[in-house]
Amino acid sequence: LHPEELEEVSEEREVCCPSDPVPDKAEDDEYETSTLCQEAVWEAFRIFLDRIPGTSEYQTWVHACQQESLCISDIAKNFSRSEEHISIIQRRMSRLRDRRPPT
């Protein structure tokens, strides 16, 4: 669909469904924050720890993000400074050193 068509569909939906509740701005903001935190935490585990988080640790991080208003950079700093991440980096650097031909 082209942007003009999307606009028409959107306008038709509004006319066809006047009984739909009007979204609450606070609920929208809460939903967006929740979604952003979930995605940020998931990606942090994938990028910094190269693994899928356990349910409880994932929920702990998402809750911290939502309640403490953590920024993406705060999450990145926390993950990049974790012992687990540092250990991963050290192992990978060691493997790279081991692969180099002797000079």
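Predicted model: local features only at pLDDT ≥ 70, side-chain atom pairs only at ≥ 80, totals over all residues.
Biologist: How many aromatic pairs does the count come to by the rule for rings?

Modeller: Residues are numbered from 1 along each chain as its sequence is written, and side-chain values use heavy atoms, with hydrogens and water left out. A pair of aromatic rings is described by the distance of the centres and the angle of the planes. The count comes to 4 aromatic pairs (rings of Phe, Tyr and Trp, the last by its six-membered ring, with centres within 6.5 Å; planes under 30 degrees apart are stacked, over 60 edge-to-face, the rest tilted).

Biologist: At what angle are the planes of Trp42 and Tyr58?

Modeller: The planes of Trp42 and Tyr58 stand at 85° and the ring centres are 5.9 Å apart, so this pair is edge-to-face. Trp42 belongs to helix H2 and Tyr58 to helix H3 (residues 55–67), so the pair ties together parts that are 16 residues apart in sequence. Helices are DSSP runs (H or I, at least four residues), strands likewise (E, at least two), and both are numbered from the N terminus.

Biologist: Is Trp42 buried or exposed, or something in between?

Modeller: Trp42 is partly exposed, with a relative accessible area of 37%. The cut-offs are under 20% for buried, over 50% for exposed and the range in between for partly exposed (1.4 Å probe, protein chains only).

Biologist: Which geometry do Trp61 and Phe79 have as an aromatic pair?

Modeller: Trp61 and Phe79 form a tilted pair, with 4.4 Å from centre to centre and 40° between the planes. Trp61 lies in helix H3 and Phe79 in helix H4 (residues 72–80), so parts that are 18 residues apart in sequence are tied together. Trp61 is partly exposed at 23% relative accessibility, whereas Phe79, at 2%, is buried. Ring pairs also link Trp61 and Phe79 with Phe45 and Phe48 into a cluster.

Biologist: How many helices and strands are there in the protein chain?

Modeller: The protein chain has 5 helices and 0 strands. Along the sequence this gives the pattern α-α-α-α-α. Of the 103 residues in the chain, 17% are buried.

Biologist: In which helix is the place of Leu49?

Modeller: Leu49 is found in helix H2. With a relative accessible area of 6%, Leu49 is buried. The C-alpha atom of Leu49 is separated by 9.1 Å from that of Ser82, and these two residues are 33 residues apart along the chain.

Biologist: How should I read the backbone angle phi, and what phi does Asp50 have?

Modeller: Most residues other than glycine have a negative phi. Asp50 has a positive phi of about 55°, although it is not a glycine. Asp50 is located in the loop between H2 and H3, and its relative accessible area of 52% makes it exposed.

Biologist: How many salt bridges does the count come to?

Modeller: Side chains of opposite charge can pair when their charged atoms come close. The count here is 4 salt bridges (a side-chain nitrogen of Lys or Arg within 4 Å of a carboxyl oxygen of Asp or Glu). One of them joins Glu43 and Arg46, whose closest N and O atoms are 2.6 Å apart. Glu43 and Arg46 are 3 residues apart in helix H2, which means that about one helical turn separates them. Glu43 is partly exposed at 30%, and Arg46 is partly exposed at 47% relative accessibility.

Biologist: Which residue meets Arg51 in a salt bridge of 2.6 Å, N to O?

Modeller: The side chain of Glu57 meets that of Arg51 in this way. Glu84 is partly exposed, with a relative accessible area of 32%.

Biologist: Which residues do salt bridges with shared partners join into one network?

Modeller: Arg51, Glu57 and Glu84 are joined into one network.
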